[in-house]
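Dear colleague,

Please find below the structure that I am handing over to you.

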Amino acid sequence: MSEPWGPHDVGGQQGAPIDLAEHDTAYWEWQIDAMVRLALKKGLISDFAELRDGIEHLAQDDYDKCTYYERWAKSLAYTLVSRGVISEQQLSNQIDAVRARQEAEVAA
Amino acid sequence: MSDHDHDHARTFQADHAEPTSEGARVGLALRELLIEAGHYTPEEERAVIAAMQGASPRDGGRIVARAWTDPAYKERLLANGAAAIRELGYELEPYEFTVMENDDNTHNVIVCTLCSCYPRSLLGMSPAWYKSASYRSRVVREPRKVLAEFGVELTDDIDVRVHDSTAELRYMVLPQRPKRTEGWSEEELAALITRDSLIGTQRAFRTE
Amino acid sequence: MTDAVFQVGQRVRIADRTPRVHHRVPSYAKGRVGVIERVCGLHGEPEKFIRGNGEPKQRIYRVRIPQSELWQDYEGTERDKLEIEIFEHWLEETE
């Protein structure tokens, strides 16, 4: 047995009792799910292996604190930026736009 | 950014606020950029979501009920899961599909320790616990203890087989047909099947 | 299709290495010995999908490993097993 090589390599580790609560998938989670499937279909990524690779590159604390689809989102962003499909600047501008819009909606 | 209205790509509805976590914002922003750049359309997105939402454990139940009532079908299902499932008209993603049969002395349970591989195109969204670090960490090492947390108490005369789905195969458990269901119709049998029985975190059925 | 290198029933060791690239072998299984349970098809190599197309494809095998081989403190019976899919280039012949 080797040392785990990424935050995802958890088989055999200790863990808490299983939380059996069900989780209804929120619409934004379906949207992330669809985004990854469409990125694959359109050839923006070559395989789910690339999605997994991006997830495995998350820092341990980032991996631990992200929810399942947040990891998908961060992974796809990492891959598409490193591939030049979008620029880091574009992404950070759009994140700012989303944040501003959400804060304005709360204030309204 | 362009100054025209982004409404076509937005997710916000007044009564259903968007998620505001950092990770979710990355996802929303990326989605809007990809739609804006024409990589895909909101119509395509809706079609993909509808297709994924259309799959459910009920479909797995129909397959199991067929296998319980048709020995030749069961043989084909165990030999080549994907072909036998497509035979009943289901569309599957291009994975090999492996069906593992429970019997008096064998109990199968499925996990994907590295991510959360799951036969989504057949059974729909996986349960939250299936994706949890606890389940992925523990079920390979202490399956009997984990199964007990689901209410499945296995005596020592039942062997446990844990299947770690690490690559291009997808798995489904073929549960054991409950006793005292002789003469039941395929439909009645299918109604017994639950999602958890297809993953292997349930073994017995309520037949009363 | 290339012929399968390993056959059902053959004993194999899962390679113990950690390439600094995406791969699909969990650390708990590395270096462990099991038996080929099933010979599966050819699939894109995960390591070669990162900036690549996964070619050439590699054969997958299902390997059955006794739980007691994996975990020294395993609490269960001697007959309990773990089964896992492993690509051909991760398997080595063993006695």
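Which residue forms a salt bridge with Asp159(B)? The partner is Arg79(C), and the closest N and O atoms of the two are 2.8 Å apart. A salt bridge here is a side-chain nitrogen of Lys or Arg within 4 Å of a carboxyl oxygen of Asp or Glu. This pair crosses between chains, from strand 3 (residues 159-164) of chain B to the loop between helix 1 (67-70) and strand 4 of chain C. Helices (H or I, at least four residues) and strands (E, at least two) are DSSP runs, numbered from the N terminus. Asp159(B) is buried, with a relative accessible area of 14%, while Arg79(C) counts as partly exposed at 41%. Buried means under 20% relative accessible area, exposed over 50%, and partly exposed in between (1.4 Å probe, protein chains only).

Before going further, please note that this is a predicted model, in which local features need pLDDT of at least 70 and side-chain atom pairs count only at pLDDT 80 or more, whereas totals for chains, interfaces and linings use all residues. Residues are numbered from 1 along each chain as its sequence is written, chains are lettered from A and ligands numbered from 1 in the order in which they are written, and side-chain values use heavy atoms, with hydrogens and water left out.

The interface of chain C and chain B

Chain C gives 27 residues to this contact and chain B gives 28, where contact means heavy atoms within 4.5 Å. The area buried between them is about 2300 Å², and carbon and sulfur atoms give 46% of that area. Buried area is the accessible area (1.4 Å probe) that two parts lose on being put together, summed over both. The rule finds three salt bridges across this interface. In one salt bridge, the side chains of Arg144(B) and Asp80(C) meet at 2.9 Å, N to O.

The interface of chain B and chain A

Here the contact takes 57 residues from chain B and 54 residues from chain A. Together the two chains bury about 5100 Å², with 61% of it on carbon and sulfur atoms. Arg25(B), Leu30(B) and Met125(B) supply 11% of the area that chain B buries against chain A, more than any other three residues. Seven salt bridges are found across this interface. Glu93(B) and Arg37(A) meet in a salt bridge through their side chains (2.9 Å, N to O).

Within the chains

Chain B contains eleven helices and four strands, and 58% of its 208 residues count as buried. Inside this chain, Glu45(B) and Arg31(B) form a salt bridge (2.5 Å, N to O). Glu45(B) lies in helix 2 of chain B and Arg31(B) in helix 1 of chain B, so the pair ties together parts that are 14 residues apart in sequence. Both Glu45(B) and Arg31(B) are buried.

In chain C, Glu83(C) forms a salt bridge with Arg64(C), the closest N and O atoms being 2.5 Å apart. Because Glu83(C) lies in strand 4 and Arg64(C) in strand 3 of chain C, the pair ties together parts that are 19 residues apart in sequence. Glu83(C) is buried, with a relative accessible area of 0%, and Arg64(C) counts as partly exposed at 25%. These two residues also belong to a network of salt bridges that includes Glu37(C), Arg38(C) and Arg62(C). Over all chains, the whole structure has 34 salt bridges.

With kind regards
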